[in-house]
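I opened the notebook to work through one structure at the level of strands and rings. The entries below follow the order in which I looked things up.

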Amino acid sequence: MKFRSIIILFFCTSLLIAGLNSCKSKRQIVAAAPVEEKVDVDLFTDILNNQLNFKTFSSRLNLNLSSGTKSLSSKASLRIVKDKAIQLSVQPLFGVEMLRLYADPDSLVLLDRMNKRYVKESIEDVKKVYPVGFDFKTLQSLLTNQVFVSGQSDVIYSDYEKFSTGQVSDMYYLLKSVDKKSGIEYGFTIDGNDRIALTHLLEPKDNYSLNWKYDDFVKETYKTFPHKMDVALASAKRKVNVGLEFSGIALDEDFDLQISVPGSYTRATISDIVKILTAN
């Protein structure tokens with residue numbers, strides 16, 4: 001009788017797993033459509049209206065990082081409180097945290113759990129080390145597939161005037177602009193569904209660049225969101241590639257983000273951590 005109960009339980013569990021996998025398989029990727037001819041203001045309006053709206057954002061991640069001959073693959077989690085804080089937790093084994101990255105509009109904190117070290121820098125100092133893409137608003141926009149305007153905390157419909165716009169193929173428009181203060185060139189490749197397919201930034205003086213590609217768009221609530229992102233960062237001396245695969249996305253849950261540095265940790269620099277992660 002006990003054996004029969006085990007068989008029944010196993011059978012029911014198998015059906016449940018099959019049902020869950022069936023539900024997962026129904027998650028459909030929304031392919032890009034050819035572009036329609038639009039005037040600049042209409043295109044920009046459609047892009048903004050198509051962006052994901054959220055107060056908080058959380059997701060599980062599969063993270064892959066490579067530089068030279070070194071690579072790292074890990075589970076991770078991402079949490080965002082819009083316009084207030086971003087937290088990335090890297091957990092390579094059994095949910096044990098190895099690294100935690102925390103950013104708010106003023107500062108960046110990195111905890112190295114394995115070596116009991118931390119980095120704490122102002123956003124302005126981080127931008128001096130790597131000037132492309134490292135202010136809070138830009139980072140938040142890159143992680144959530146949104147348009148940004150350099151030097152602004154918000155984007156409004158009339159900001160279309162700050163971009164030059166052109167159709168580059170049957171599938172894509174290109175929006176381009178330049179930050180007058182830094183000279184950084186930035187732009188957005190837009191597909192026929194009014195989604196950002198690629199964000200690119202270039203600091204031409206020292207040849208720093210960042211290309212952030214978006215793929216596998218899946219409907220979340222009433223908007224689509226890319227479940228795959230490929231990031232390429234480059235300088236004259238180093239190239240780093242990061243792959244992000246999203247799952248279990250949740251919007252507008254009630255949480256706050258804060259960080260504290262354990263008293264036993266020693267202070268390090270950003271370059272110390274980067275050398276460990278990306279050394280050839």
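I began at a turn in this predicted model: strands E2 and E3 form a hairpin with three residues between them, and Asp83, which sits in that turn, has a positive phi of about 65°. I then followed the pairing of E2 (residues 70-81) with E3, which is antiparallel and held by seven bridges, and I noted that Val81 stands opposite Ala85.

On the pairing with strand E4 (residues 99-103), I found E3 joined to E4 in the antiparallel sense over five bridges, with Leu88 and Leu101 as bridge partners.

Because seven of the seven residues of E3 (residues 85-91) are buried, the strand is largely enclosed by the rest of the structure.

I turned to the rings and recorded 10 aromatic pairs in the structure. Phe57 and Phe225 make a tilted pair, with 5.3 Å centre to centre and 45° between the planes. That pair links distant parts of the chain, since Phe57 lies in strand E1 and Phe225 in strand E12, 168 residues apart. Phe57 is buried at a relative accessible area of 0%, and Phe225 is buried too, at 1%.

Finally I checked confidence: the mean pLDDT of the chain is 86, and 86% of its residues reach 70 or more. Over residues 1-25, however, the pLDDT is below 50, and this stretch has zero contacts in the model beyond near neighbours in sequence. Where pLDDT is low, the predicted coordinates should not be read in detail.

Conventions:
Residues are numbered from 1 along each chain as its sequence is written. This is a predicted model: local features need pLDDT of at least 70, side-chain atom pairs count only at pLDDT 80 or more; totals for chains, interfaces and linings use all residues. Side-chain values use heavy atoms; hydrogens and water are left out. Buried means under 20% relative accessible area, exposed over 50%, partly exposed in between (1.4 Å probe, protein chains only). Helices (H or I, at least four residues) and strands (E, at least two) are DSSP runs, numbered from the N terminus. Two strands pair if DSSP finds at least two bridges between them. pLDDT is the predictor's confidence in each residue, from 0 to 100. Contact means heavy atoms within 4.5 Å. Rings of Phe, Tyr and Trp (its six-membered ring) pair if their centres lie within 6.5 Å; planes under 30 degrees apart count as stacked, over 60 as edge-to-face and the rest as tilted.
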